[in-house]
Amino acid sequence: MKVLFVTGKLAEPSLRRVLAEMPPPFRYDVAVLKITVAALMTTSWIARSLTVPEGTDLVLIPGLCEGETAAVTDRVGVPVEKGPKDLRDIPRYFGRSADAREYGAWDIEIVAEINNAPRLTRDAVRREAERYRASGADLIDIGCTPGLEFPSLGDLVRELVDAGMRVSVDSLDPSEIRAAVEAGAELVLSVNGSNIEVAQALADRRAGGSARFVVIPDMGGGLDSLEPTVAKLQAWGVPFLIDPILEPIGMGFMASLERYATARRRWPAAEMLMGIGNLTELTAADSTGVNALLIAVCQELGIRTVLTTEVIPWARGAVREVDVARRLMHYAVTKHTVPKGVDERLVTVKDPVVLSYSEEELRALQAEITDPNFRIFADAETITVFNSERFVRGTDIQAIFAQLGVDDPAHAFYLGKELAKASLAVTLGKTYRQEGALAWGYLTPQDEVRSEHVRLTQRPARDQGSGTGDRGSGTT
């Protein structure tokens with residue numbers, strides 16, 4: 001394969017250095033177009049300006065280019081892709097490409113619970129259900145409140161089912177279970193020796209067969225208390241899942257994990273469920289890593305249904321996290337590899353890799369620029385700001401700003417915002433990219449509006465009509 005890398009004048013040295021250090025397992029050329037900052041290219045401009053050598057199999061354009069790649073493909077007749085937003089990420093970009101083609105499958109379904117639904121309005125429940133579904137939930141669980149009547153339960157379940165949602169109900173009350181199942185709920189959490197008769201009464205009463213019932217231990221009982229309930233459901237032909245109950249840390253967490261492993265050995269073919277919210281909601285830690293580990297346990301034990309919720313603030317986004325984790329752990333377990341280097345969306349606070357330039361590289365870059373627009377860079381310890389006349393390095397952003405000689409309010413606001421972001425990147429160990437969003441895994445926002453740096457930065461004194469923008473050479 002032969003790849004043509006498209007770049008601008010400032011980024012050319014950095015791009016060639018990255019490619020030389022890889023080295024890539026393919027042949028390549030570099031096309032340097034007549035533009036200073038590669039990120040300012042658009043796909044329509046590239047289509048008009050680019051000449052592709054014969055024998056090229058792929059054209060890689062800067063990841064920050066505006067426009068659709070089809071505009072270039074149609075013009076040059078060769079497949080075109082947008083590369084990473086930072087050219088220093090090119091080795092990882094190509095290293096992951098083969099794995100990415102086989103990535104994304106999952107076999108764990110997500111049940112997302114709306115807690116204390118009787119206390120919410122119908123509109124509030126519907127909004128939460130829609131949010132959960134958009135986040136990746138397969139079933140919406142209506143959490144009932146013990147001791148609080150829920151006369152509208154059946155109508156609520158019917159409304160969600162009519163909206164195309166799969167619905168479950170979380171209740172031990174036979175009347176609530178009956179109302180929900182008759183309205184279309186397909187999963188019941190939960191049954192044990194105290195209410196098992198409701199499963200028999202509802203068996204085969206719904207079109208397409210009975211709802212599935214989640215079997216939990218009797219109150220105060222251990223794993224053995226599941227046996228009579230499981231036996232009855234099997235005799236009645238009622239589909240079921242087994243949930244030995246995950247206990248919070250400090251309340252028997254490790255022992256409960258052992259119960260899941262024991263249950264899998266005892267019932268090797270049974271469907272199982274784990275209520276992972278018992279850990280994420282009751283552990284004061286970011287839920288991303290907690291969810292990743294719990295889904296890994298489920299994947300290895302063959303637990304194909306998980307129940308989660310997002311009540312506590314630090315667990316907000318748990319459904320999306322589980323959706324990512326189930327794909328990552330399915331890939332790791334089925335491919336017999338570690339869950340690393342394929343999908344990094346669960347790494348939110350600390351970046352997987354911190355990309356930076358040395359002072360020597362930055363001074364070489366400064367020597368190539370002729371305009372007064374400031375470029376901002378950050379590494380693990382230091383922030384660097386420079387234009388054609390000034391080169392400032394430090395850690396105190398107020399001290400850095402004081403040396404820049406900026407008095408225009410709009411320009412000062414722009415630089416203050418970027419310096420604050422660079423300081424945050426240094427503090428947390430993240431890659432900083434001027435005008436680009438910091439990476440927060442699955443929480444990463446879109447990059448800022450491209451034209452902002454053109455509006456806010458200074459113009460060259462000798463030519464008020466020109467401007468190359470503030471972006472540095474961190475893009476191809």
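This briefing covers a pocket, the nonpolar cores and the cysteines of the structure. The model is predicted. Its second largest pocket has a volume of about 710 Å³, and its largest nonpolar core has 71 residues. The count of disulfides is zero.

**Second largest pocket**

- The lining of this pocket consists of 28 residues, of which Glu113, Asp170, Ser171, Leu189 and Ser190 are the closest to the pocket centre.
- At least two lining residues are supplied by each of the following elements: β8 (187-191), β11 (271-275), α11 (277-280) and β12 (305-308).
- By residue class, the lining divides into 11 nonpolar, 10 polar and seven charged residues.

**Nonpolar cores**

- Within the largest nonpolar core of 71 residues, Ile140, Ile142, Phe213 and Met274 have the most contacts.
- Helix α13 (residues 318-335) contributes seven residues, the largest share of this core.

**Surroundings of Ile142**

- When residues up to four places away in sequence are not counted, Ile142 touches Ile114, Ala117, Val125, Phe150, Leu153, Leu156, Leu160, Val167, Ser168, Val169 and Asp170.
- Asp170, one of these contacts of Ile142, is also among the residues closest to the centre of the second largest pocket.

**Cysteines**

- Cys65 counts as buried because its relative accessibility is 3%, the cut-off being under 20%.
- Cys144 has a relative accessible area of 12% and is therefore also buried.
- No disulfides are found in the model.

Conventions
Residues are numbered from 1 along each chain as its sequence is written. This is a predicted model: local features need pLDDT of at least 70, side-chain atom pairs count only at pLDDT 80 or more; totals for chains, interfaces and linings use all residues. Side-chain values use heavy atoms; hydrogens and water are left out. On a 1 Å grid over the protein atoms alone, a cavity is a set of points where a 1.4 Å probe fits but cannot get out, and a pocket is an open set with protein on both sides within 12 Å along at least five of seven lines; lining residues have an atom within 4 Å of a point. Grid points are joined across faces, edges and corners, and a volume is the space filled by probe spheres set on the points. Helices (H or I, at least four residues) and strands (E, at least two) are DSSP runs, numbered from the N terminus. Ala, Val, Leu, Ile, Met, Phe, Trp, Tyr, Cys and Pro count as nonpolar, Asp, Glu, Lys and Arg as charged, and the others, Gly among them, as polar. A nonpolar core is a set of buried Ala, Val, Leu, Ile, Met, Phe, Trp, Tyr and Cys residues joined through side-chain atoms within 4.5 Å. Buried means under 20% relative accessible area, exposed over 50%, partly exposed in between (1.4 Å probe, protein chains only). Contact means heavy atoms within 4.5 Å. A disulfide is a pair of cysteine sulfur atoms within 2.5 Å.
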